[in-house]
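Please open the model in a viewer and keep the sequence panel beside it. The stops below go from one selection to the next.

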Amino acid sequence: MTYRLTVSPDFTPDHLPGWYIFNTWLQKQLGEGIHLEMYNSFQAQHEAIAKDQIDLIYANPFDAAMLVREKGFLPLVKAHGLSDEAIIAVNAESPAKDVTDLAPGTRIAATEDPDVRLMGMIMLEPADLNSSNIDLHSCDTYVLVAKQLLRGEADAGIFLAEAFDDLSGMIKKQLKVLVHSQIGVIQHVLMVGPRLTDRRDELRHLLLAMPSDEKGQDVLKNLGFDLLINVEDEEMEFMIDLMDTLNT
Amino acid sequence: MINDMKPEDIIGDYKEVMLDLYGGIKRLCLYSEVETPYPDGKLIVSTTDTNGIITHVNQSFVEMSGYTEEELINAPHSILRHPDMPAAAFKDLWDTVLRGEKWQGFVKNLRKDGGYYWVKATVIPNIRKGQIVGYTSVRRKPSRSKVEECIKLYPTLM
């Protein structure tokens with residue numbers, strides 16, 4: 001049987017080869033065929049999950065509740081020291097100095113990344129902004145969010161903090177950060193689906209042991225991770241509860 | 001465990017009131033008119049057991065409440081109860097979460113130093129294997145217009 005691994009579509013493009021290297025490493029370690037499927041959109045990934053086609057997923061925290069509670073997925077590991085944070089930024093020439101300077105009708109550029117968009121919308125709440133009184137511009141990438149701000153096509157943008165940091169110095173100089181989230185507990189988790197849960201302990205052991213040999217270290221480096229750390233079921237439940245409180 | 005507030009902890013002029021808290025607890029509260037603004041981009045997170053006793057707090061909770069983590073763990077969550085908050089709001093909170101549902105509202109919280117801060121609070125029951133095992137409360141920055149509405153509304157509910 002060939003299993004299927006997928007990665008939340010908000011992965012950073014620089015790490016795409018890293019996921020293929022990881023999959024090759026994992027197949028050798030586990031002695032099983034695993035196909036890596038990278039979906040272009042959350043919608044396409046959700047359709048595959050709904051059809052029970054996924055066995056391993058590096059999941060966006062927004063999807064964790066559905067994966068655990070509806071599809072029987074269990075957590076394995078997360079990257080050490082990495083959490084998803086959001087930034088609200090405007091054009092450097094914008095008169096807005098604070099989120100509360102943004103008024104209803106504001107044009108907001110954002111990607112489809114569900115957890116980042118959720119955190120961004122929460123940071124807009126102090127200005128009485130919500131999905132019903134903003135003009136939301138959906139973009140495929142964070143570079144396109146930045147371009148909308150630079151061209152004056154949007155008044156504010158919601159960024160994954162890591163993606164904002166990765167923008168070129170030239171672009172960043174033309175932008176102004178209004179607010180940066182400091183949540184610290186929302187992050188992507190590698191999860192295992194029902195067809196592989198009987199090998200969960202083995203998988204976890206292999207993943208946690210990666211830094212102990214040169215090949216494992218190299219695979220981690222290609223993913224942009226220092227280290228993978230264990231995620232207990234209760235920690236996963238806590239993050240699901242947290243996301244649930246925010247999604248209101 | 002919850003103690004009366006102490007004058008030496010209070011910053012600025014203050015008033016005194018004896019509050020009746022959930023569970024038949026009485027607490028002497030000392031409160032001032034000093035507001036601490038909610039910090040941008042942060043969430044205040046805590047969990048309690050089914051009796052509302054704090055079992056976990058994050059760093060933002062510690063910073064905004066003015067208590068140490070040691071003072072907060074095992075204390076009732078009503079350690080934050082401000083005298084300006086109507087009891088009806090907390091009755092509604094408990095009635096809602098005991099039904100297994102999510103509660104949301106705007107809350108004026110009392111700091112250890114007698115000051116206060118406004119939050120938009122969401123409380124959800126932690127359901128594990130079909131049982132409520134505790135509650136998670138997440139507070140975020142409220143809009144000023146909602147706070148102004150509550151400043152007018154809450155005295156009418158006292």
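Two strands are said to pair if DSSP finds at least two bridges between them. Helices (H or I, at least four residues) and strands (E, at least two) are DSSP runs, numbered from the N terminus. This is a predicted model: local features need pLDDT of at least 70, side-chain atom pairs count only at pLDDT 80 or more, and totals for chains, interfaces and linings use all residues. Residues are numbered from 1 along each chain as its sequence is written, chains are lettered from A and ligands numbered from 1 in the order in which they are written, and side-chain values use heavy atoms, with hydrogens and water left out.

**Stop 1: the six-stranded sheet of chain A**

Select β1 (residues 2-7) and β3 (residues 56-59) of chain A: these strands run parallel and are joined by 3 bridges. Within that pair, Leu5(A) has Leu56(A) in β3(A) as its bridge partner. Now widen the selection to the open sheet of 6 strands, which has the order β2-β1-β3-β10-β4-β11 in chain A and mixed pairing. Its edges are β2 (33-37) and β11 (228-230) of chain A; each has a single partner strand, so one side of each is left without a neighbour in the sheet. Neighbouring strands of this sheet are turned against each other by 25° on average, direction ignored. Axes here are lines fitted to C-alpha atoms, for helices over the stretch in contact, and angles run from 0 to 180 degrees between N-to-C directions.

Helix α10 lies across β4 (74-79), β10 (189-192) and β11 of chain A, at about 85° to β4(A); contact means heavy atoms within 4.5 Å.

**Stop 2: the two domains of chain A**

Colour chain A by domain: domain 1 covers 2-82 + 185-246 and domain 2 covers 86-180. These bounds come from an automatic or database domain assignment. The centres of domain 1 and domain 2 of chain A, taken over C-alpha atoms, are separated by 28 Å. Domain 1 of chain A brings 10 residues to the contact and domain 2 of chain A brings 8 residues.

Between them, domain 1 and domain 2 of chain A bury about 850 Å², with 74% of it on carbon and sulfur atoms. Buried area is the accessible area (1.4 Å probe) that two parts lose on being put together, summed over both. Which three residues of domain 1 of chain A supply more of its buried area than any other three? Show Phe42(A), Phe62(A) and Leu246(A), which supply 44% of the area that domain 1 buries against domain 2.

**Stop 3: the five-stranded sheet of chain A**

Move on to the open sheet of 5 strands in chain A, with the order β7-β6-β8-β5-β9 and mixed pairing. The edge strands are β7 (135-138) and β9 of chain A, each pairing on one side only. From one strand to the next the twist averages 30°. Inside the sheet, β6 (residues 107-110) and β8 (residues 156-160) of chain A pair in the parallel sense over 2 bridges, and Ile108(A) stands opposite Ala156(A) in β8(A).

α4(A) lies across β5 (86-91), β6, β7, β8 and β9 of chain A, at about 65° to β5(A). Helix α5 (residues 142-150) of chain A lies across β5, β6, β7, β8 and β9 of chain A, at about 160° to β8(A).

**Stop 4: where chain A meets chain B**

Show both chains. The contact takes 22 residues from chain A and 23 residues from chain B. Chain A and chain B bury about 1800 Å² between them, 53% of it on carbon and sulfur atoms. How many salt bridges are there between chain A and chain B? The count is 6. Among salt bridges to display is Lys120(B) with Glu125(A), at 3.2 Å, N to O. On the side of chain A that touches chain B, α4 (114-124), β9 (175-180) and α10 of chain A each supply at least two residues. α10(A) gives the most to that side, with 8 residues.

**Stop 5: chain B**

Finish with β1 (residues 15-21) and β2 (residues 25-31) of chain B, which pair in the antiparallel sense over 7 bridges. Glu16(B) stands opposite Leu30(B) in β2(B). The two strands β1(B) and β2(B) form a hairpin with 3 residues between them, and Gly23(B) in the turn has a positive phi of about 85°.

Last, select Glu35(B) and Arg144(B), whose side chains meet in a salt bridge (3.1 Å, N to O). Glu35(B) lies in the loop between β2 and β3 (44-48) of chain B and Arg144(B) in helix α4 (residues 144-153) of chain B, so the pair ties together parts that are 109 residues apart in sequence.

Note on methods. Salt bridge = Lys/Arg side-chain N within 4 Å of Asp/Glu carboxyl O.
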